[in-house]
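Visitor: Could you walk me through this model, one contact at a time?

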Amino acid sequence: MANASLLNVALTRASYAVSTALAKPSAAILDNLFAAYPDYYRMRINGDERMAAIADAIRSEVGTCDSLGDVSVYEGYVLGWVARELGVETVSGCDLSGVAVERARAYLPGTYTTFDLNDLYKDPTSNLPIPKPDVLLVCECLYYIGPLANLTWRQTWLFREAKLAFLQALRRQANKAIIVQHFGKGQKESIGELVVAAGGHKVEDRWGIWLLPAAT
Ligand SMILES: C[S@@+](CC[C@H](N)C(=O)[O-])C[C@H]1O[C@@H](n2cnc3c(N)ncnc32)[C@H](O)[C@@H]1O
């Protein structure tokens, strides 16, 4: 029995690692992983510097923010941290994983739903299924989006026009601004370069924070 459960845990982790390295994890793979490992990404114990930098970026670059949304809300920790820091009461979020969305709902009152961001990538004329917030967080998630996922965002030239169309679609999903944050060495600068090409600018280097003004 113990061996069977150890094997199950190993398979869950392996299927996530393989699907992330080669392409992108499905909702089922994410749900299995998150059900087996609450706080899989160790947000709570990895320190709050990233959240503080995101809150600072909004405070200094956007000013007043009455509502916050998150396109990959996970368990709600980043959204909750930034909302508390800025005194924002209206929050919303979506995520591919239903398990993550349920945890976010339990953690922080708000409007939540499951959603595959690839749907917005495929149809940039469509909209997110959450109320339009003042500021929308797009943090540590773009490497799951697009035909080759991680590889797509590591190479600026790959699917460039589709990625720019997707970033323009994101600009229409907020009233004031989109905060794009990815700190991985392989993605940070290439994602940042695209954000600049889409009309944004860099705000902070350590955590790789760029701001895209909302489309008017
Ligand atoms: C590395 S975590 C980042 C969570 C949070 N945004 C943060 O910055 O801490 C990636 C999140 O993206 C979600 N995700 C993966 N693929 C997705 C997709 N196609 N559409 C929406 N969310 C997705 C995962 O379920 C997970 O919650």
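Predicted model: local features only at pLDDT ≥ 70, side-chain atom pairs only at ≥ 80, totals over all residues.

Guide: Residues are numbered from 1 along each chain as its sequence is written, and side-chain values use heavy atoms, with hydrogens and water left out.

Visitor: Is aspartate 95 buried or exposed, and what is the nearest side chain of opposite charge?
Guide: Aspartate 95 is found in strand S2 (residues 90-95); strands (E, at least two residues) and helices (H or I, at least four) are DSSP runs numbered from the N terminus. Buried means under 20% relative accessible area, exposed over 50% and partly exposed in between, with a 1.4 Å probe and protein chains only. A salt bridge is a side-chain nitrogen of Lys or Arg within 4 Å of a carboxyl oxygen of Asp or Glu, and for charge Lys and Arg count as positive, Asp and Glu as negative, with His and the chain ends not counted. Aspartate 95 is buried and has no salt bridge, the nearest side chain of opposite charge, 10 Å away, being arginine 103.

Visitor: Which backbone nitrogen lies 2.9 Å from a polar atom of the side chain of aspartate 95?
Guide: There are a couple to look at here. The backbone nitrogen of tyrosine 74 lies 2.9 Å from a polar atom of that side chain. The value of 2.9 Å is also found for the backbone nitrogen of serine 97.

Visitor: How many of the 10 residues of helix H4 are buried?
Guide: The buried residues of H4 include Tyr77, Leu79 and Trp81. Their cover includes helix H3 (49-61), helix H5 (98-107) and strand S4 (135-139). Helix H4 (residues 77-86) is largely enclosed by the rest of the structure, because the buried count is 7 of the 10.

Visitor: How far apart are the closest N and O atoms of lysine 188 and aspartate 205?
Guide: Lysine 188 lies in helix H9 and aspartate 205 in the loop between S6 and S7, so parts 17 residues apart in sequence are tied together. At 13% relative accessibility, lysine 188 counts as buried. Salt bridges that share partners join Lys188, Glu189, Lys202 and Asp205 into one network. For lysine 188 and aspartate 205, the closest N and O atoms are 3.7 Å apart.

Visitor: How far from the ring centre of tryptophan 207 is the charged end of arginine 206?
Guide: A charge sits over a ring if NZ of Lys or CZ of Arg is within 6 Å of the ring centre and within 35 degrees of the ring normal. Tryptophan 207, at 11% relative accessibility, counts as buried. The charged end of arginine 206 sits over its ring, and the distance from the centre is 4.0 Å.

Terms used:
Polar contact = N/O pair within 3.5 Å; in protein donor to acceptor, adjacent residues only side chain to side chain. Contact = heavy atoms within 4.5 Å.
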